[in-house]
Amino acid sequence: MSYKVVKRVAADIGGTFTDIAAVTEDGELLTWKLPSTPPNFADAVSTGIDALFRKHSIKLSEIDEVLHGCTVATNAILEQKGAKTALITTKGFRDVLEIQRVRVPKLYDPLYEKPSPLVPRNLRFEVDERLDANGRVIRKLDLHQLNEVIEKLKKEDIEAIAICFLHSFVNPTHEEMVETIIKKEFPECFVSISSQILPQKREYERTSTTVINSYVGPPVSRYLSALIQKLKSSNVTNRLTVMQSSGGVLDADSCLQKPAHIVECGPAAGVVGAEYIAKRSGFDNVITLDMGGTTAKASIIEGGTYTLADEYEVGGGMSSSSALVGKGGYALKLPVIDIAEVGAGGGSIAWLDGVGSLKIGPQSAGALPGPACYGLGGERPTVTDANLVLGYLNPKGLAAGTVLIDKTISEFAIKKEIAEPMRLGLLETAYGIYSVANAAMMRAVRAVTTYKGRDPRDFILFAFGGAGGLHAVELAKSLKIKKVLVPKAGGVFSALGLLYSNLEASETAPFLSLLAEVPLQAAEQLFLQMQKKITKTIGGDAEKITFKKFADLRFQGQAYELNIPFQNSFLNEEELTNLASSFEEKHLTRYGHAFSGEFPIELVNLRLVGVKSSSMPELNHATKVSKCKECGRKAYFGPDLGLVTSRVVSRNGLANNAIEGPLIIEDYEGTCIVPPDCKAKLDNMGNIIIEIPDN
Amino acid sequence: MPKFDPFLREVIKYAFDAIADNMALTLMRTSHSGIVRDSLDFSTALSDATGQTIAQGVCTPMHLGCFQDALKNVIKSFEDKIFQDDVFIFNDPFAAAGQHLPDIYITSPVFRNSRIVAWATALAHHSDVGGIVAGSNALGAHEIFQEGLRLPVVKFLEKGVPNKALWDVITLNVRTPEKVLGDLQAQIAACKSCEKELGDLFDRYGVETVLQYADHLQDYAEELTKSEIRKVPNGIYCFTDHIDGLGENPQPVVLNVKVIVEDETVVVDWEGTSKQVPGGINPSFPFTKSCAYAALRSILDADIPNCEGFSRPITVKAPLGSLLNPKFPAPCGARGITGYRMIDCLFGALSSAVPDNVTADTTGGSTLPTISGYLNGKAYVFCETFMGTWGGTSKHDGQEGVPHMGANQSNVSVEMIEQDYPIRIKQYGLVPDTGGAGQYRGGLALMREYESLHDSALLNVRSDKRDFPPHGLFDGKNGKPSINILNPDNKPRVLPVLMTEVEVLNRGDVFRHIMAGGGGYGDPLKRKPELVLKDVIEEKVTIAGAKKDYGVVIIKNAEEFMVDSSATKKLRTQLAV
């Protein structure tokens, strides 16, 4: 066996599985999948790394970095099992956290229940102090009151404290005073202050983000320390870097300063993986679609980079109706990759409403009992059952025969629950379930494209996750997308993303001014300060960090900003003109109009992002085309095309020249469907590329 | 009738909903006034060529079905004089089937092959349209002429060319022209987005197919609504509710409803309601209908499409000349309050039909404080929709920090207000012991204090539920009444619930508003003592309140609260007699 060299290894923990991935010096991807080990999630990481390395005879001592994505922060919030946290805020405003923004995520529902606040009312303490909107002190901080509060905190066994005063993003003095005193008086407590976590206007969003940071701080800290210990004792390097929701990684120590940054790291890593593969395959504009058992998640890569969300809420479940109402969770206003999620996946249940109209999800059969075809007691038909009846899935079993299934149970469930009440044929009904599921999944794609002024036709569809290849072409047809890409290793995409992520940190600072009147020197001064902070956070060699500048701009009078990248590296008169025209252009695309000349443009925040690229051997995904045993299977492609005998091939049975559909491409990771009017080929990265000529 | 593919109908329905929502997103993100961009007081709709609503954005429930009468009027008034790239504008409740003057409609036809195939409409509440008070919601108005600029249906743009004269008239007649014009442009942008997206849908499925499915969707919504109504027991359900009344010596305004559920139809009859009043709280009849639709939709389980078909099985009646169907020239500026009360009254009636689908009475819809003045010669108008809290239900306590069922609106950030206006917010929070006692407690009242930072600002307040606080259900107690106080800490003075005269605020004057608390659901003596204990720990109920309202004795030992079980048992037995 040849000797393989691996410098970085990635471990991504999901709810059910932990994925380990590494790339050798000559670009070979090595992966290992094993069940997660709750509550000691760190165990699966070291066991998995050990297993993978043993299989490929790699020495553990060679690794100099472990990259990691985990669900510990998200779970702490979802299960309300974070630290016992207290809030210190301005007198008169302790209920801001509980009142939130008042809007509810669902209309016409008198029985709606709000999620309970992460800090209960009796642990939200008020201190007399006040600033005005310009940051001027109009009431001094009452130190006597503060001491009383600290005494109470000690009695309550508080683990973490969040501090948020009104207007502190303009003048952080009071928050900093409180922080200093608490660190002295109560050093064992985890403290976050809003002027450092999110120095931006809007008290609810800032308070909520700061509270989340404190709430997840202690559990994240305990978890990462345990993992580092575990790796050390298993003779793996103790250099651990952790994925952030923004798509960049940071080393574990920096991460502990702002743990709220890792809340959405799992899905983010998947998008980073897609970005890497898309770039290597020559695609700059990509809609990523991750279709799993219960949800479909869409995101956008534009001009080669992924995009960040304007607003984000954690823990509220999925929005039932539209992108208009929030998710009803807790506001987290930090850089998060913009990912839209809908409750439609392979396990989603098909059902009939009061007048016999077909609906899909959001209820899911989950892993247990799973779709009816698993034969584990599920009696209600799911999307997977429809795919099986249509002939898309191999009736002998899923995942190369490792998961056994029974098509007759699927047929029975669809007939009984849907086809007979609707008085329709079995195939027709199964195809209906498939189409309605596609329409539901399309809402996720729309949320990141048309809802934001983007035309899906300018993108390719990049589909991964278990069900990606089954639905991608039909979705692409509805969105008039001409090309679909189904990557190799679609089942371990988050782990792959971790390997190809870069060290990244960002800083945002408020800087309110008319764009035309920006004091250039003061702005550059601010960038310099931010640069210092970022350099410290990223650590190591400062020269290797590249910085990108951004401005949050709006027309005067608007409440929401657009984030505009600088074209030059520093702010001068020319750059002001650049920013103005890029802003107007983006406003026009996003909203269909611009108030050019009618309203002055206003600068709200300056933002700096520092990135330090990691050196990774490029992935060599080339797949040898080999002749393999082929067979045929009848598959149903809707009323127009009907039941057609389709060639069943494996991924490496595809050629570099396009083959005409109908094709069913079966992979260990999933199945990919190519209808009769489309063609498929393999590119040099082992991706299946499907072309849809009539679109 | 062609045979319809039930699956394609579902697919096209998703697309229609997405178009209406996309319009709303465009409007929200590009608008200029706080009331649109932060409070989100607006709605959007996609309608067919005859003016029937096909889909409505997930916006303001009280606007459900408010587009159909207005659009049919536009089509009738202009008939063959409607051209591509025309944009119509109107607001008048009498001349244009509008809502009230601040709600300006912008609508534009969508053409395909030289014929009208659809309409895109965006409705937004504007920060000001002139009239005797800033914000144009004068409670003291006696006739609509005092309420501001009345716009019949006119072309705002003709074939894409702006009607400059009209733009100039609007600019001159409103106190906040930048905000009004900025919002109007955002509304136009929303309509444009609809035109584009609908075009894409036509390209994919063909114009005729899409239009046929739009018609078919109406029938589907009608059938679904009927099947849901069948789940509600047949019967006649009555309820009487009140608005406290106008000015210094308020006379109660009576709302009287009879809901007749018969198999698959519902009649909502407002016979017995007060006559129209000489104050700005008379809703136009289209609004009366919308509120009935919103309340009924809330007690039905299914996800019914927001199209005209939904309203077909529902008949709404109100005598002409009554509060809810007023005659010209009734003032309507502040009629939102009446809309909220109609919904509350309907929930009251429906509580005996579907007791598990409603809450005990809520805080009653938004309080609308307006503070205005001139700074350096320029007018400013601060206005926000302040909400809210709900009553208890058969399953849980009343929610706190929630909108009224009629309008899913947001609060405005304190930091935004203080940056944009000469106003300081001194307090914003929940008030202990204000939720109606019950097995499931009503939500606590919310309080907000506004301090004026300059002299001679004008205060105008629309509130309610002081004399008639939110009712409890099934032995639950009423919520605590609302109150308006000027300078609570220094020679306090109580201000009327619905002010017909503005109040002058000088520098340092403080206005405090406490909303009403939500009603309780079920007997408070049946509330679990540990829930009362939790309320005491969280300072939502005081120890005295626990004893008086719930018969639960709570003692404080060192820093720890606990229930005195035997004392509680004894007290509860006494109180039960």
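**Exercise 1. Determine what pLDDT chain A averages, and what the model shows over residues 318-322 of chain A.**

Solution. In this predicted model, local features need pLDDT of at least 70 and side-chain atom pairs count only at pLDDT 80 or more, while totals for chains, interfaces and linings use all residues. Residues are numbered from 1 along each chain as its sequence is written, and chains are lettered from A and ligands numbered from 1 in the order in which they are written. The pLDDT, which is the predictor's confidence in each residue on a scale from 0 to 100, averages 89 for chain A, with 96% of the residues scoring at least 70. Over residues 318-322 of chain A, however, the pLDDT is below 50, and this stretch has 15 contacts beyond near neighbours in sequence, a contact being two residues whose C-beta atoms, placed from the backbone, lie within 7 Å. Where pLDDT is low, the predicted coordinates should not be read in detail.

**Exercise 2. Describe how α1(B) and α5(B) pack, and by which classes of residue.**

Solution. Helices here are DSSP runs (H or I, at least four residues), as strands are (E, at least two), numbered from the N terminus. Helix α1 (residues 6-30) of chain B and helix α5 (residues 177-205) of chain B have axes 8 Å apart and an angle of about 155 degrees, where axes are lines fitted to C-alpha atoms, for helices over the stretch in contact, and angles run from 0 to 180 degrees between N-to-C directions. α1(B) is therefore roughly antiparallel to α5(B), given that angles over 145 degrees count as roughly antiparallel, under 35 as roughly parallel, 65 to 115 as roughly perpendicular and the rest as oblique. Among the residues in contact are Ile12(B) and Ile19(B) of α1(B) and Leu198(B) and Tyr205(B) of α5(B). By class, the contact has 12 nonpolar, five polar and one charged residues, with Ala, Val, Leu, Ile, Met, Phe, Trp, Tyr, Cys and Pro counted as nonpolar, Asp, Glu, Lys and Arg as charged, and the others, Gly among them, as polar.
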